[in-house]
Amino acid sequence: MNVLIEENAAHPGLPALLTAYHLATEAEKGAAVTGPAGLPPARRAEAEDPVTVFAADTVLLATVPETGRAAGCLVLKAGAVPEVKRVWVEPEARGRGLAGALMGEALRRAAAAGAASVRLTVWEWRQGPLALYRKLGFEPAASWDDRPGLVCLEKPLAPGDRIERLTPEAVRAHAPGGLAALLVDAVEGGASVGFLAPPDPAEAAAWWARAAGTRDVWAAFGPDGTVTGAVTLLRTDTANGRHRGEIARLLVHRAARGRALGRRLLAAAEAHAAATGLTLLVLDTQTDSPAERLYRGAGWIPAGTIPEYAADPEGTLRATTLYYKLLAA
């Protein structure tokens, strides 16, 4: 099933999901309340102001595309050992993979951030969630919460990819190897990134060498040191455009997908752009490509579509969609 996972503590559907979670939990514990006002103050605060309560945490929403409705949520609490909390899927949307998609994204993000493990607690009577967590590799752990009936579980994570802003010298050093291989892999995978098939590794290396010093470059490196992703930020030198930049060549190697690298690379470029005084970012991507979901989930706004804008690697002209994002001053 096609499920959209996005990070958004301000989503208008989140308070209802958190309220439903807490009302169900209170009822299962034998302390049923009639409505949100009857919830314990700390639980009620979550539903009333999740942006403040979860300011340091990651809030994920699962949306069913055909309805556009947020039908599930998860909170990944920040800490030395990240903790999964508030996993909830509306009863009518269960059995469609939303909980698994939320958990998968939370685990990917924790691994990408370098966490050694992730933990969670679950009530022993919740057999469905328990089965899911065990399937995902969670094992019983020493208790850190001694409330009766609460099971503590933990899952070790493999080392994550690191993201690094490259100096011009580092770009040149990686150009003939990992960066060129990354660009070749993108073209072979059908990405419209300025090259036609079959891609020439020498041309790909030359493109990266030219990029050194003319644009900001970030690269992702796997645990073995191989280049697993990259993104570039291009600035303009016109007097009336120094406030804006362009995101280009956001690439993740096909062997490294599913680890939230695209989102992390994009976030790194956005944060640097804002920190260095840019207030507007733009980009373009092939219409209906998988990248569109990433950009929309990261808060980018479509500005319009241009037909027959660029050829795909096989030479077929495809439409492109222009996106922009305003950065906080």
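Predicted model: local features only at pLDDT ≥ 70, side-chain atom pairs only at ≥ 80, totals over all residues.
## The seven-stranded sheet

Seven strands make up an open sheet of mixed pairing, and their order across the sheet is E8-E9-E10-E11-E12-E14-E13. The edge positions are taken by strand E8 (162–166) and strand E13 (301–311), each of which has a single partner strand, so one side of each is left without a neighbour in the sheet. From one strand to the next the twist averages 25°.

## The H1 and H2 pair

Two packed helices are described by the angle between their axes and the distance between the axes. For H1 and helix H2 (residues 41–48), the axes come within 7 Å and cross at roughly 155°; angles over 145 degrees count as roughly antiparallel, and H1 and H2 are therefore roughly antiparallel to each other. Helix H1 contributes Pro-15, Leu-18, Thr-19 and His-22 to the contact, while H2 contributes Arg-43, Glu-46 and Ala-47.

Side chains of opposite charge can pair when their charged atoms come close. In this model the count of salt bridges comes to 21. One of them joins Arg-126 to Glu-28, with the closest N and O atoms 2.8 Å apart. Arg-126 lies in the loop between strand E5 (117–123) and helix H5 (127–135), whereas Glu-28 belongs to helix H1 (residues 14–28), so the pair ties together parts that are 98 residues apart in sequence. The two partners are described by separate accessibility values: Arg-126, at 13% relative accessibility, counts as buried, and Glu-28, at 38%, counts as partly exposed.

Glu-105 and Arg-263 form another salt bridge, in which the closest N and O atoms are 3.9 Å apart. Since Glu-105 lies in helix H4 (residues 98–112) and Arg-263 in helix H8 (residues 261–275), the pair ties together parts that are 158 residues apart in sequence. Both Glu-105 and Arg-263 are buried, and they belong to a network of salt bridges that also links Glu-7, Arg-108 and Arg-109.

An α-helix has 3.6 residues a turn, so residues three or four places apart point the same way. In helix H9 (residues 291–297), Glu-292 and Arg-296 are four residues apart and are thus separated by about one helical turn, and their side chains meet in a salt bridge with an N to O distance of 3.9 Å. Glu-292 counts as buried at 8% relative accessibility, whereas Arg-296 counts as partly exposed at 46%.

## Helix H8

Helix H8 has 15 residues, which at 1.5 Å a residue should span 21 Å, and its end C-alpha atoms are 21 Å apart, in agreement with that expectation. The buried residues of H8 are Leu-261, Gly-262, Arg-263, Leu-265, Leu-266, Ala-269, Glu-270, His-272 and Ala-273. Just after H8, Gly-277 takes a positive phi of about 95°.

Leu-281 is found in strand E12 (residues 280–286) and is buried, with a relative accessible area of 0%. Leaving aside residues up to four places away in sequence, the residues that Leu-281 touches include Glu-270 and Ala-273, both of which are among the buried residues of H8. Its contacts also include Leu-233, Gly-245, Ile-247, Trp-300, Tyr-323, Tyr-324, Lys-325 and Leu-327. Leu-281 and Lys-325 are 44 residues apart in sequence, yet their C-alpha atoms are 5.2 Å apart in space.

Glu-90 is found in the loop between strand E4 (83–89) and H4, and at 11% relative accessibility Glu-90 counts as buried. With residues up to four places away in sequence not counted, Glu-90 touches Leu-17, Arg-69, Ala-70 and Ala-71.

Methods: Residues numbered from 1 in each chain as written. Heavy atoms only, no water. Salt bridge = Lys/Arg side-chain N within 4 Å of Asp/Glu carboxyl O. Helix = DSSP H or I, 4+ residues; strand = E, 2+ residues; numbered from the N terminus. Buried < 20%, exposed > 50% of the residue type's maximum accessible area, 1.4 Å probe, protein only. Expected span 1.5 Å × (residues − 1). Pairing = 2+ DSSP bridges. Axes fitted to C-alpha atoms, helices over the stretch in contact; angles between N-to-C directions. Contact = heavy atoms within 4.5 Å. Parallel < 35°, antiparallel > 145°, perpendicular 65-115°, else oblique.
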